[in-house]
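I opened a new notebook page for this protein. My plan is to go through the model one feature at a time and write down what I find.

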Amino acid sequence: MKRKRVARLLNRVASAVIAFSAAMVPLVAQGAEPAPATPQPVRPNIVVILLDDVGFSDIGSFGSEIPTPNIDALAKDGLAFTQFYNNARCSPSRAALLTGAYPHQAGLGHLEGVEIPGSKGLLSKLSDRVVTVAEVLKADGYFTAMAGKWHVGISRGVGPWNRGFDHSLTTPFGELYYRDQPQKNAQTVYIDGEKLPASSPRIGKGYWYSSDLFVDWQTKFVKEAEAERKPFFLYMPFTAAHFPLMAPPEDVARFKGKYMRGWDAIRRDRFERQKKLGIIAADAELPAALPGSYDWDKLSAADKDRFDTLMAVYAAMISRVDRSIGTLVDRLEQSGELDNTIILLMNDNGGTAESGPDGRLKGDGLPGSAQSVVWTGMNWAMLQNTPFQYFKHHTQEGGIATPLIVHWPRGIAPELRGTLVREPGHLIDVMPTVVEVSGATYPKAFNGHAILPMQGRSMAPAFRGQPLTRDKPIFWEHEGNRAVRDGKWKLIARFEQPWQLFDMATDRTEMHDLVASQPDRVRTMTQQWDAWAASSDVDAWSESYDIHLKGRTRQIWGGAEMPERPEAMKK
């Protein structure tokens with residue numbers, strides 16, 4: 001470890017000497033011999049890792065009991081952002097991450113598949129009025145590649161191969177873990193736009209698991225970038241841990257029985273660890289479980305075993321994707337690329353309560369196998385999103401808060417490594433950050449289309465220990481759930497419900513509504529949200545737009561399922 005630190009220090013010294021020498025090269029007089037070419041700064045490689053349906057507290061450095069040593073090592077040697085945000089759902093978050101625009105501006109205010117005639121914000125695909133990070137970096141000489149889940153328009157003719165990626169291995173909707181899954185969304189993979197069955201030997205030899213498979217493909221792409229002598233941009237949107245939950249049996253076995261204490265006890269343990277880690281304030285309050293939750297002590301022994309199994313599969317997935325990330329980092333280090341690679345890791349939404357209080361445990365074969373159907377459900381989602389309320393779909397912290405971990409040995413000051421960044425940030429900040437650290441140019445027009453300006457601000461000042469400031473609030477809308485964050489203040493409302501106001505400096509868990517005592521602030525922030533929605537093509541939401549509801553009433557967990565164990569509900 002000391003040798004690595006010394007090597008990194010020598011690299012930084014060498015870079016400084018080169019930069020100083022370049023600055024001191026005198027101007028060449030007319031007719032004189034030209035001066036030696038000025039050494040160009042080494043542009044960083046960029047890796048963006050996105051986890052799917054993973055909660056705020058599911059990694060060790062944010063309070064989890066699930067071992068994630070490789071992700072934790074990135075945080076220990078980098079920065080952890082404690083107030084970073086996504087867009088509460090898969091496609092909207094991916095659209096914002098890839099483009100630096102808000103989801104509706106990018107055409108994906110809801111999932112791919114929700115297309116409303118006449119709408120600009122619900123196109124079901126990336127719009128031509130935005131550019132992707134890959135398009136920006138490719139135009140500046142980067143090698144661009146991805147392996148993983150797309151879900152921003154393949155069904156509408158928009159794939160990574162025509163949005164800036166040189167190479168890609170893509171599952172259109174995610175949900176892919178094994179080559180022989182029966183689920184429709186897991187049966188097709190694209191290689192550079194060519195549609196193939198997931199069982200094709202061109203995808204992977206032997207019986208693979210997708211978290212490992214994606215890293216193998218990314219390793220291949222790194223080698224291609226090195227052969228072309230280009231810096232690389234890798235987009236790594238894992239399918240883990242999206243339902244149906246699947247993990248190899250040996251991984252599931254490691255966690256079976258570890259959740260028999262129940263969601264409430266383990267949630268309290270995570271909460272206390274978060275306080276000690278500084279992720280949340282030492283005097284923070286832990287909200288009670290939401291209506292519809294089950295009382296662990298009212299469940300039968302068979303039900304407890306069933307619920308333990310659901311969470312064991314989920315924990316196995318988190319542990320396994322951590323191992324895969326560790327493999328990628330090791331390979332980058334072995335190739336000599338790690339020090340000059342900026343890695344950004346985050347989640348696309350909060351943990352999901354979809355399937356309701358009961359979760360799902362169906363199908364043939366062992367839980368977690370290709371033939372099983374496993375969803376953790378609402379009760380475990382409360383644990384996954386500790387200490388927050390609500391889940392995926394919602395604009396409360398449980399739906400939109402994500403860890404952000406940034407690792408960049410050559411670019412983050414040594415004295416800052418292992419520290420926390422507490423200023424609010426959002427996925428729209430990724431594009432400005434990438435543009436700044438790469439030196440790329442963000443275009444005003446692209447492929448004959450006028451391009452919307454970036455909506456966020458760069459996070460690069462944090463790499464130098466400088467504060468992050470914003471000149472505009474952050475906004476959200478998903479399924480009529482809405483929010484605005486302006487400094488320490490957050491205004492939120494569920495669909496067709498009144499606004500609530502919270503002071504995030506003293507009440508991050510959103511327990512003390514200040515609407516009644518702050519009418520002027522509420523009025524101002526409401527006007528801010530209304531103006532943003534009008535200028536950002538945010539359509540008024542109708543539940544009829546959601547193809548998954550099929551006319552049924554949406555429950556607090558996001559779907560329409562009804563509890564199967566009403567006798568076990570908390571009073």
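I need one term before I start: a residue counts as buried when its relative accessible area is under 20%. I also keep in mind that this is a predicted model.

**Entry 1: T239 and its loop**

I looked up T239. It sits in the loop between β7 (232-237) and α6 (249-255). Its relative accessible area is 0%, so T239 is buried. I then listed its contacts, leaving out residues up to four places away in sequence. T239 touches D52, K149, T171, G174, E175, L176, Y177, S210 and F214.

I stayed in this loop and checked the peptide bonds. Most peptide bonds are trans. Here I found a cis bond joining A240 and A241, with omega about 10°. A241 is in the loop between β7 and α6. Another cis bond joins F243 and P244, with omega about -5°. P244 also belongs to the loop between β7 and α6.

**Entry 2: helix α8**

Next I turned to α8, residues 301-334. How far apart are the end C-alpha atoms of α8? I get 49 Å, which agrees with the 50 Å that 34 residues should span at 1.5 Å a residue. I count 25 of the 34 residues as buried, so α8 is largely enclosed by the rest of the structure. After α8 comes G336, with a positive phi near 80°.

I picked out R306, which lies in α8. Is R306 buried or exposed? Its relative accessibility is 15%, so R306 counts as buried. The charged end of R306 sits over the ring of F307, 5.3 Å from the ring's centre. Leaving aside neighbours within four places in sequence, R306 contacts D358, G359, R360, L361 and R565. R306 and L361 are 55 residues apart along the chain, yet their C-alpha atoms are separated by 7.7 Å.

**Entry 3: nonpolar cores**

Nonpolar side chains tend to be buried together in soluble globular proteins. I looked for such groups here. The largest nonpolar core has 81 residues. I49, L169, F238, I325 and W380 touch the most other members. Helix α8 gives the most to this core, with 15 residues.

Another core lies apart from the largest one. It has 78 residues, among them F84, Y85, L108 and W489.

**Entry 4: aromatic rings**

I counted aromatic pairs and got 27. W150 is buried, at 0% relative accessible area. F165 is buried too, at 3%.

I also noted one aromatic cluster formed by Y259, W263, Y294, W296, F307 and W380. Elsewhere, R482 lies over the face of W499, at 4.8 Å from the ring centre.

**Entry 5: helix α13**

I moved on to α13, residues 519-535. This helix has 17 residues and reaches 24 Å from its first C-alpha to its last, close to the 24 Å expected. Which residues of α13 are buried? I found V522, M525, T526, W529, W532 and A533. They cover an arc of only 125° around the axis, which puts them on the same side of α13. An α-helix has 3.6 residues a turn, so residues three or four places apart point the same way. On the other side of α13, D520, Q527, A534 and S535 are exposed. The cover over the buried residues includes β16 (474-478), β17 (481-486), β18 (489-493) and β19 (500-503).

**Entry 6: positive phi**

Most residues other than glycine have a negative phi. I looked for exceptions. D537 has a positive phi of about 60°. D537 is in the segment after α13. At 22% relative accessibility, D537 counts as partly exposed. D192 also has a positive phi, about 50°, although it is not a glycine. D192 lies in the loop between β5 (188-191) and β6 (194-197). Its relative accessible area is 35%, so D192 is partly exposed.

Conventions. Residues are numbered from 1 along each chain as its sequence is written. This is a predicted model: local features need pLDDT of at least 70, side-chain atom pairs count only at pLDDT 80 or more; totals for chains, interfaces and linings use all residues. Side-chain values use heavy atoms; hydrogens and water are left out. Helices (H or I, at least four residues) and strands (E, at least two) are DSSP runs, numbered from the N terminus. The expected span of a helix is 1.5 Å times one less than its number of residues. Buried means under 20% relative accessible area, exposed over 50%, partly exposed in between (1.4 Å probe, protein chains only). The arc is that of the directions from the helix axis to the C-beta atoms. Contact means heavy atoms within 4.5 Å. Rings of Phe, Tyr and Trp (its six-membered ring) pair if their centres lie within 6.5 Å; planes under 30 degrees apart count as stacked, over 60 as edge-to-face and the rest as tilted. A charge sits over a ring if NZ of Lys or CZ of Arg is within 6 Å of the ring centre and within 35 degrees of the ring normal. A nonpolar core is a set of buried Ala, Val, Leu, Ile, Met, Phe, Trp, Tyr and Cys residues joined through side-chain atoms within 4.5 Å.
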